[in-house]
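Subject: Structure for you to look at

Hello,

Here is the structure I promised to pass on. Please open it next to this email and follow along.

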Amino acid sequence: MNFPSSLLSFLRKVERAVVLTGAGVSQESGLRTFRDAQSGLWAQYRPEDLATPQAFARDPQLVWDWYALRREKARSAEPNPGHFALVEMEKRIAEFTLITQNVDGLHQRAGSVRVVELHGNLQRVKCSRCGQQASAWEAASPKVPQCLRCGGLLRPDVVWFGESLPPHALAAAIQASQTCQVFFSIGTSGLVQPAASLAYAARERGAVVVEINLEPTPLTGQVDFFLQGKSGEILPALVNATWPSEDSPGQIRE
Ligand code: OAD
């Protein structure tokens, strides 16, 4: 795989980097991207119709069951070479912030340390009434479990359409994006705000913007480098091409 030498020499000098990831990064782990068609029983629903507070109020069981399935799929999925390449990148760049819209936890399972979860995490559950996080619930029960404190229905601790992002995560994401030298947008369609605006915030402050995606997105016309293809192939190749030294912590499988 050939990369522009200007990109490689720039990356070797970078001290502050931000990576924003989306569902495309987990696609090669077998997890569907958000806007892929759903299959089977769920084909009649659009995720946008399930991932809202209104949907949960209308039919909590339906929403709980959909997330239970996604939680199981995420649990049985494994990080792919794209996730591992980002772990290697973090080791080589002094200030490295990985901002993810993914709720599957695969970055942390791969070994990434500084991860900002913008949209929450599927494996966590909180009360829809009092907000208290629940560490244990009756997973075997087919019914929507209830909060031990207030009796409210439990829900996944993810951000739904129309809800605010966790304030600390959003503040950290904005701060890192405004001060980085390079901003990577990887495997995200760039359709959901405020995540989509982070690349522009970085660009306005002078960061070099690099996009990795299977196909062009609304951001593509604004980036300095567009690397088209699968993140699980491009990222390991990019890391190996940028830091090919023998004393590297281990070449990544491409
Ligand atoms: P999308 O499903 O909107 O977009 C996935 C992107 O990944 C698309 O642009 C694909 O072209 C690209 N893609 C697919 N496979 C890829 C691969 N192997 N390598 C590289 N790129 C690949 O997912 P997101 O952008 O993550 O929010 O969606 C953002 C948010 O929208 C989600 O976090 C979710 C949803 O609404 C909430 O749930 C709040």
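Below is what I found, taken region by region.

Keep in mind that this is a predicted model.

**The main core**

Start inside. The largest nonpolar core holds 28 residues. Met 89, Phe 184 and Leu 238 have the most contacts within it. H10 gives the most, with five residues.

Now click on Phe 184. Setting aside neighbours within four places in sequence, Phe 184 is in contact with Leu 11, Val 18, Val 19, Leu 20, Met 89, Val 210 and Leu 238. Another core, of 19 residues, lies apart from the largest one. Its members include Phe 183, Ala 199, Val 209 and Val 223.

**Strand E7**

Phe 184 also takes you to E7. Is this strand enclosed or open? Five of its five residues are buried, so E7 is largely enclosed by the rest of the structure. Look at both faces. Val 182, Phe 184 and Ile 186 are buried on one side, and Phe 183 and Ser 185 are buried on the other.

Next, its partners. E7 pairs with E1 in the parallel sense over five bridges. Ala 17 stands opposite Val 182 there.

Pro 194 lies in the loop between E7 and helix H9. A cis peptide bond joins Gln 193 and Pro 194, with omega about 0 degrees. In general, most peptide bonds are trans.

**Helix H8**

H8 covers residues 167-179. At 1.5 Å a residue, its 13 residues should span 18 Å, and the end C-alpha atoms are 18 Å apart, which agrees.

Which residues of H8 are buried? Ala 169, Ala 173, Ala 176 and Ser 177 are. Viewed down the helix axis, the buried residues fall within an arc of 100 degrees, so they line one face of H8. The buried residues of H8 pack against E1, E2, E3, E7 and H9. On the other side of H8, Pro 167 and His 168 are exposed.

**The three-stranded sheet**

Three strands form an open sheet, in the order E5-E4-E6, with antiparallel pairing. E5 (133-134) and E6 (154-158) stand at the edges. Each has a single partner strand, so one side of each is left without a neighbour in the sheet. E4 (residues 120-127) pairs with E5 over two bridges. In E5, Gln 133 is the bridge partner of Lys 126. Helix H5 (residues 60-76) packs on this sheet and touches E4 and E6. The direction of H5 makes about 140 degrees with that of E4.

**Gly 24**

One last residue. Gly 24 is found in helix H2 (residues 24-27). Gly 24 is partly exposed, with a relative accessible area of 22%. Not counting residues up to four places away in sequence, Gly 24 touches Thr 33, Gly 187 and Ser 231.

Best wishes

Technical notes: Residues are numbered from 1 along each chain as its sequence is written. This is a predicted model: local features need pLDDT of at least 70, side-chain atom pairs count only at pLDDT 80 or more; totals for chains, interfaces and linings use all residues. Side-chain values use heavy atoms; hydrogens and water are left out. A nonpolar core is a set of buried Ala, Val, Leu, Ile, Met, Phe, Trp, Tyr and Cys residues joined through side-chain atoms within 4.5 Å. Buried means under 20% relative accessible area, exposed over 50%, partly exposed in between (1.4 Å probe, protein chains only). Helices (H or I, at least four residues) and strands (E, at least two) are DSSP runs, numbered from the N terminus. Contact means heavy atoms within 4.5 Å. Two strands pair if DSSP finds at least two bridges between them. Axes are lines fitted to C-alpha atoms, for helices over the stretch in contact, and angles run from 0 to 180 degrees between N-to-C directions. The expected span of a helix is 1.5 Å times one less than its number of residues. The arc is that of the directions from the helix axis to the C-beta atoms.
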